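Student: I've got a model open and would like to talk through its helix packing. Can we start with a pair of helices and how they cross?

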Amino acid sequence: MSIASGLHGRHLARRLVQLYVGLTLYGASSALLVRSGLGLEPWNVLHQGLAEKTGLSIGVVSIVVGAMVLLLWLPIRQRPGLGTVSNVFVIGLAMDGTLALVPDVHGLVGQVPLLVLGIVLNGVATGLYIAARFGPGPRDGLMTGLHRLTGRSIRLVRTAIEVVVVATGFLLGGSVGVGTVLYALAIGPLAQFFLRWFALPEPDSDSAAPASETAPGLATPTPGPVSGLATPVPEPASGSAVLTPEPGSVPSSVAAGTPEGAILRP
């Protein structure tokens, strides 16, 4: 998938709106999880830890890490889409913007609702940007690329990546807590629900991704990131629990071996 691929066919305007609204909401939802103080999704544990050590904002760290992960696509021969490049910048900017507007919250009476709102909003955002079909985020593309090269399952590759990410982020001072666990458990079902909700009709044949760009062996869903959606979590986004949908529950527009579809199965 090239950066320009997908920029034609029916529903283009709606897809673009879904992409950028989804990425903006993803950054905003991540900021709400930061303000809740009860634990972050895996990749933001790393981003927060690096922010603590470098003095940079967590949004800027997210952009830098996303760009570095995107460079790792070169040796594994992944090609970015518009959504991939947009993911790097929009989420980080939206995250810093939301953090500037939302103050710190103290006490469980305020923290718990903020955590729940952040997780639900993250599910909405994931459904929006994945259903737009403009390519996976940098972290999800790394997952599918390693899956293709190693032959290991999506679930195993995603889990291995995110265990390393969470452990590194925690050692650097990132926030791991009940929110991290709740996010891992909830994001898969939420993203699956909202992906069906925001799914677009079948793309025109000329806008479908070529077979050579699809990840092998991923065409048949079995009974949770996003962004990115893995256990223990995306793209996301971004960093999220592996979602294993019931047969027929994933819209056909993202189920036929695309990188986005790969996020939704082990």
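Student: Which hand does the crossing of α3 and α6 have?

Tutor: This is a predicted model, where local features need pLDDT of at least 70, side-chain atom pairs count only at pLDDT 80 or more, and totals for chains, interfaces and linings use all residues. Residues are numbered from 1 along each chain as its sequence is written, and side-chain values use heavy atoms, with hydrogens and water left out. Helices are DSSP runs of H or I, at least four residues, numbered from the N terminus. A crossing is left-handed if the near helix is turned anticlockwise from the far one by less than a right angle, and right-handed if clockwise; where α3 passes α6, the crossing is left-handed.

Student: Which residues of α6 does α3 meet?

Tutor: Contact means heavy atoms within 4.5 Å. From α3, the residues involved are S62, V65, G66, V69 and L70. On the α6 side they meet P138, R139 and L142.

Student: At what angle do α2 and α3 pack?

Tutor: Helix α2 covers residues 42–54, and its axis is 9 Å from that of α3. The crossing of these two is right-handed. The packing angle is about 115°.

Student: Where is R77, and is it buried or exposed?

Tutor: R77 has a positive phi of about 60° although it is not a glycine. Most residues other than glycine have a negative phi. R77 belongs to the loop between α3 (58–71) and α4 (82–101). Buried means under 20% relative accessible area and exposed over 50%, with a 1.4 Å probe and protein chains only, so at 74% R77 is exposed.

Student: And R133, is that buried or exposed?

Tutor: R133 also has a positive phi of about 60° without being a glycine. Its place is the loop between α5 (108–131) and α6 (138–150). Its relative accessible area is 12%, so R133 is buried.

Student: How much of the chain is made up of buried residues?

Tutor: The chain has ten helices and zero strands. Of its 266 residues, the buried share is 55%.

Definitions and conventions. Axes fitted to C-alpha atoms, helices over the stretch in contact; angles between N-to-C directions.
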